[in-house]
Amino acid sequence: MDALRASPSPGSSRPSSPRMAPCEMPAPVGIEAVLDQLKIKAMKTGFEFNVMVVGQSGLGKSTMVNTLFKSKVWKSTLPGPGVPTPQTLQLHSVTHIIEEKGLKLKLTVTDTPGFGDQINNDKCWEPILGYINEQYERYLQEEILITRQRHIPDTRVHCCVYFVPPTGHCLRPLDIEFLQRLCRTVNVVPVIARADSLTIEEREAFRSRIQKDLKSHCIDVYPQKRFDEDANDRILNSKIRERIPFAVVGADQEHLVNGRCVLGRKTNWGIIEVENMAHCEFPLLRDLLIRSHLQDLKDITHNIHYENYRVVRLNESHQLPRGPGWVNLAPVNLASASAGPLTTPGPSKAHKWAQEEPKYEF
Amino acid sequence: MQDKEYVGFSALPSQLHRKSVKKGFDFTLMVAGESGLGKSTLINSLFLTNLYEDRQVPEASARLTRTLTIERRSVEIEEGGIKVKLTLVDTPGFGDAVDCSDCWLPVVRFIEEQFEQYLRDESGLNRKNIQDSRVHCCLYFISPFGRGLRPLDVAFLRAMHEKVNIIPVIGKADALMPKETQALKQKIRDQLKEEEINIYQFPECDSDEDEEFKRQDAEMKERIPFAVVGSSEVVRDGGTSRPVRGRCYSWGTVEVENPHHCDFLNLRRMLVQTHLQDLKEVTHDLLYEGYRARCLQSLARPGARDRTSRSKLSRQSATEIPLPMLPLAETEKLIREKDEELRRMQEMLEKMQAQMQQSQAPGEQSDSL
């Protein structure tokens, strides 16, 4: 079974693929109207998008989400001053429905308070991996029913935004451990958080060092090179890949700058405008996540990450769907995410991605 | 006729001054904190030297297996005829690993080793040239991105606060807006109180200082922990176009020496200009004496020593290490050893002098000395 379904589901809108010019038709048949029909359908059903934000506390995750979706509904999910930080990571999901120009978006943001804050952060990624796999499992259970729902509720994490602290040096061991494990299971977009503490030169140096680290540890972040479909995709995504990780700044306060009201941070030496490309790369992140690649994120999650999970689960259960009653898959231990051989993943494992292995650890 | 009553010892301070200028000062400063908080840049800005000139930031793969190391660098700074031998103790690798449990133990051990060395030297015979390698002050860098002290910060400060003068600073403070800085400082102060951590207390002004000075002093103390920004570059500030030390961003320039931008000036004034000597005194009078008392007390009762040491070990939490013990017999042995060394050195000296006199006759000079 081909683990990688290279062809996307119908109706996918990889941003760059232009509509192939049909061979010259003597009279317009009206095929183009299909796109409008799809649009109307989409407007009716609405979209779902699930984002997870991961990073140490104080890196501006909640502020970033507020800035991205221009709403002030997300407060930081860290407990108050008197309450001690919980020893184990507890994920916290909030769902909101946002509407724009008649289009509804059901947005779910999963926060990970306490990640990387303890003295001993060993295996702090396991609850996160467990959560992601749990969502895949939920979808799988719905999918293998005989009488399925018309529209399976999609709680799978489409994108995981990882916040790298702006040390200016290179990726820390915790970052590498986390990214190595997660980029095989979910789309990961690393960003340089709180980038207003780095000058432009420092940012570029930091970025190139991070890119080097990602390459040397075989960490494939979104947009993944091997999922580029055609030349246009490659060109567009290469431009994005050059700038990953984006150096972002989040803000939820507005200030007056040159007569315009902008989101920004006001300091004694200047105002950092969030949407100003000369100040930070927030517009790039916003465009990637929302304006150009949202559907692509969902497609890759569905066609590749979810399919990989499904293949492994089906192999585990050693059963094919048959007869009355739905398949009873073998009980899965989602928490044992990164045990065993994955502790020291080497480059050879990453190359074996294309050839499916029965014992695929996730 | 006041000359009859003038004894003249009011000139003592200037005698002291002359003597200390001749002797020079030495000062050992430790910097600690997670990597990437601007420690090296701040030290370079503070002392206007390039202590970290040949610094190589290790790559990510190197960091995966790195353990905490203690590095010492020395530099001699001269200003106005006064020489200061500054020794900087750095702790690269602190807080880097995924599992940082007990990563502060090597640092604590290092400080106690310096105390132990000083104790040995002080109890020795030749006390003329005791090298004071004790750590006089520890600048602990707190991340501006956290919401106050992190568990690792608390653990480190708790292990160190009775052994060294701690001055907490908030590094890379240009990442914060003014309100955020205030909130963070207040949070840190509250946490320090809650965890009963004793940081270095800047002493009170003398009562005979004028009101203005007292007010300034109180204002400065309000700013602790200092929110600092370091820079080793001189940039041209766009507005006034005079060269300032600072960081040039596309939205403005942070001036390191501007009190409205950060507390760098306050830190430099308090650390270097006014309290350098006090830090050394507190280290000697309070911290070292405390260590010495603990050490000698455990020696004073050799019979009870075993019991107390065992009970100490059992009551100790994981973050404390047993104090190094100098058994009485060992001190005597040390004294005897040093005696022998002295005698040997004297013999060698005499031999070399004899050799020199012999070799000077044929006109040769030996540089072996």
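Helices H2(A) and H7(A) sit roughly perpendicular to each other (a label for angles of 65 to 115 degrees; under 35 counts as roughly parallel, over 145 as roughly antiparallel, and the rest as oblique). This is a predicted model, in which local features need pLDDT of at least 70 and side-chain atom pairs pLDDT 80 or more, while totals for chains, interfaces and linings use all residues. Residues are numbered from 1 along each chain as its sequence is written, chains are lettered from A and ligands numbered from 1 in the order written, and side-chain values use heavy atoms, leaving out hydrogens and water.

H2(A) covers residues 61-68 and H7(A) residues 282-292; they pack at about 70°, with axes 11 Å apart (axes are lines fitted to C-alpha atoms, for helices over the stretch in contact, and angles run from 0 to 180 degrees between N-to-C directions). Helices (H or I, at least four residues) and strands (E, at least two) are DSSP runs, numbered from the N terminus.

On the H2(A) side, Met64(A), Thr67(A) and Leu68(A) meet Phe282(A), Leu285(A), Arg286(A), Leu289(A) and Ile290(A) of H7(A), contact being heavy atoms within 4.5 Å. These residues split into six nonpolar, one polar and one charged.

Elsewhere in chain A, S7, S8 and S9 line up in that order as an open, antiparallel sheet. S7 (254-257) and S9 (270-273) are the edge strands with a single partner strand each, so one side of each has no neighbour in the sheet. S7(A) pairs with S8(A) (residues 260-267) over four bridges; pairing takes at least two DSSP bridges. Here Val257(A) has Arg260(A) as its bridge partner in S8(A).

Terms used:
Ala, Val, Leu, Ile, Met, Phe, Trp, Tyr, Cys and Pro count as nonpolar, Asp, Glu, Lys and Arg as charged, and the others, Gly among them, as polar.
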